[in-house]
Amino acid sequence: MLATMLATAALTPVLSVSGGTLSWTTVGAGEYKLSAKAPGTPVVNTTVYGTKYTPAPSPGQTVTFKVKAPGETAWSNKATITYSAERPVEEKQKTQPPTFLTGVNAGTETADLTAVSTLHAKLVRLTLSAPEEGASWLDEWDKRYRERGVQVQPLVTFNGRVLTAAEAKALVGLDRLPGVTNVELGNETSYSYQYKDNFAATSYKERARLYAVRVKETAEVLNPHGIGVLAQAEDGGSGSSTWVKEMFASVPNLSRYVAGWTIHPYSNQRSPSEPDTNGVPKMERMVANLAEQGDTTTPIDVTEWGESSDEGQTLDNGTHLTYTEAAQIAETMIPKLIAAAKRHPIASFLVYKDRDLKAHKSTSEHEAFYGALTSTGGTKGAYTTAIQKLMAE
């Protein structure tokens with residue numbers, strides 16, 4: 001009995017609090033689970049690395065904390081922090097949004113180089129399929145964008161399937177590209193359109209589980225080279241938490257391997273006066289789904305966002321925004337997305353895309369007119385100005 005008690009005590013951290021900072025004794029590896037509970041609110045679990053953590057203040061509440069070591073069931077003693085109802089002075093004075101890297105989705109044409117320079121983008125999301133990891137064109141275009149002072153962020157696609165283990169490990173070859181700090185794994189893999197299923201399907205759940213494994217495997221080969229993995233965590237518009245739940249069921253400490261969670265929070269507004277019932281709610285759901293898994297702080301990367309506009313032409317999705325209206329939506333919606341991310345910092349915000357895919361009024365396809373510039377690189381008036389302003393932040 002005494003031996004059992006001593007063994008249990010040795011694996012249980014001792015928690016203490018000083019001011020607003022929690023600290024605890026070292027047990028096992030450097031990863032811990034911290035539990036926070038305020039009256040009338042659900043328990044929030046957070047994965048913490050190290051033995052010290054300063055929670056975000058909860059004004060007017062007394063929050064009870066406890067911590068446990070990885071793989072253990074025994075929690076530490078409880079410690080409480082009582083927060084003043086008054087918000088901290090530094091929080092009151094923080095009126096500017098956090099700084100994040102801004103850029104665009106662009107391609108491999110000379111006109112894209114010119115467009116990126118015109119927009120003053122700092123980052124370019126460049127798409128390659130998984131088997132193209134070693135392609136020479138990637139080296140060439142990484143060099144050409146870097147010569148313009150623009151960093152490339154590779155998007156590795158595997159549409160309609162999931163990356164293989166061999167392909168995940170082969171992505172270590174991307175470390176040859178100077179300046180690459182993150183690699184995005186998959187485009188809209190949590191959506192259903194590529195796979196002809198839905199969130200209730202067994203195939204959807206299996207895909208989420210396998211995808212999480214591939215994220216871990218990719219991170220294991222890229223992280224030692226200083227390159228992070230950006231992974232999909234949004235629900236694809238389904239309104240379901242299935243994708244996130246199944247990923248974490250497969251790899252419980254998945255957040256450890258993720259440099260940023262990706263999302264495409266497009267608005268569905270037909271005019272600036274209409275409410276957005278798609279983009280911001282999608283961000284709110286993703287944040288809530290991650291919080292259920294104990295992740296409230298991993299950065300978020302908006303790798304696609306934009307407004308489709310062909311200067312008032314009615315498009316096939318029913319929108320008919322003028323360039324001025326598109327600009328108004330951009331100016332009001334982006335701050336709302338930042339706010340909806342809560343404690344998750346926005347690490348990057350990428351506009352889709354640099355140029356329209358087709359010429360003005362040559363088609364009514366809405367997908368053709370998401371450009372910040374026209375297909376020939378010309379201005380789209382107020383919308384171009386709004387995007388240039390975003391790039392300057």
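## A tour by selection

Start by selecting K196, which is exposed, with a relative accessible area of 74% (exposed means over 50% relative accessible area, buried under 20%, and partly exposed in between, with a 1.4 Å probe and protein chains only). K196 has a positive phi of about 55° although it is not a glycine. Look for K196 in the loop between β11 and α6 (202-222). Helix and strand labels here are DSSP runs numbered from the N terminus, with helices being H or I of at least four residues and strands E of at least two.

Before moving on, two notes on reading the model. It is a predicted model, in which local features need pLDDT of at least 70 and side-chain atom pairs count only at pLDDT 80 or more, while totals for chains, interfaces and linings use all residues. Residues are numbered from 1 along each chain as its sequence is written, and side-chain values use heavy atoms, with hydrogens and water left out.

**Another positive phi.** Select H120, in the loop between α3 (110-119) and β9. Phi of H120 is near 65°, a positive value in a residue other than glycine. H120 is partly exposed, with a relative accessible area of 48%.

**The barrel.** Now colour the strands β8-β9-β10-β11-β12-β13-β14-β15: they form a closed barrel of eight strands with parallel pairing (two strands pair if DSSP finds at least two bridges between them). From one strand to the next, the twist averages 30°. Angles run from 0 to 180 degrees between N-to-C directions, and axes are lines fitted to C-alpha atoms, for helices over the stretch in contact.

Zoom in on β8 (residues 101-105) and β9 (residues 123-129), which run parallel and are joined by three bridges. Here N105 stands opposite R125 in β9.

**Strand β11.** Select residues 182-185. Which residues of β11 lie on each side? N182 and E184 are on one side, V183 and L185 are on the other, and all are buried, which leaves both faces of the strand covered. In a regular strand the side chains alternate between the two faces of the sheet. Strand β10 (residues 151-157) runs parallel to β11, with two bridges joining them. The bridge partner of L155 in β11 is E184.

**Two helix pairs.** Two packed helices are described by the angle between their axes and the distance between the axes. Select α8 (residues 279-292) and α9 (residues 323-340): they pack at an angle of about 10°, with their axes 9 Å apart. That makes α8 roughly parallel to α9 (angles under 35 degrees count as roughly parallel, over 145 as roughly antiparallel, 65 to 115 as roughly perpendicular and the rest as oblique). To see the contact, show G279, V280, M283, E284 and V287 of α8 with M333, K336, L337 and A340 of α9. These residues divide into six nonpolar, one polar and two charged (Ala, Val, Leu, Ile, Met, Phe, Trp, Tyr, Cys and Pro count as nonpolar, Asp, Glu, Lys and Arg as charged, and the others, Gly among them, as polar).

On the α9 side, show Y323, T324, A326, A327, A330, E331 and I334, which meet A382, Y383, A386 and L390 in α10. The contact of α9 with α10 divides into nine nonpolar residues, one polar and one charged.

**Two loop stops.** Select S241, in the loop between β12 (228-232) and α7 (242-250). S241 is buried, with a relative accessible area of 16%. Its contacts include N289 and E292, not counting residues up to four places away in sequence.

**Last stop.** Finish at the open sheet of three strands, with the order β1-β2-β5 and antiparallel pairing. β1 (15-18) and β5 (52-53) stand at the edges, each with a single partner strand, so one side of each has no neighbour in the sheet. Four bridges pair β1 with β2 (residues 21-24) in the antiparallel sense, and the bridge partner of V17 in β2 is L22.

Methods:
Contact = heavy atoms within 4.5 Å.
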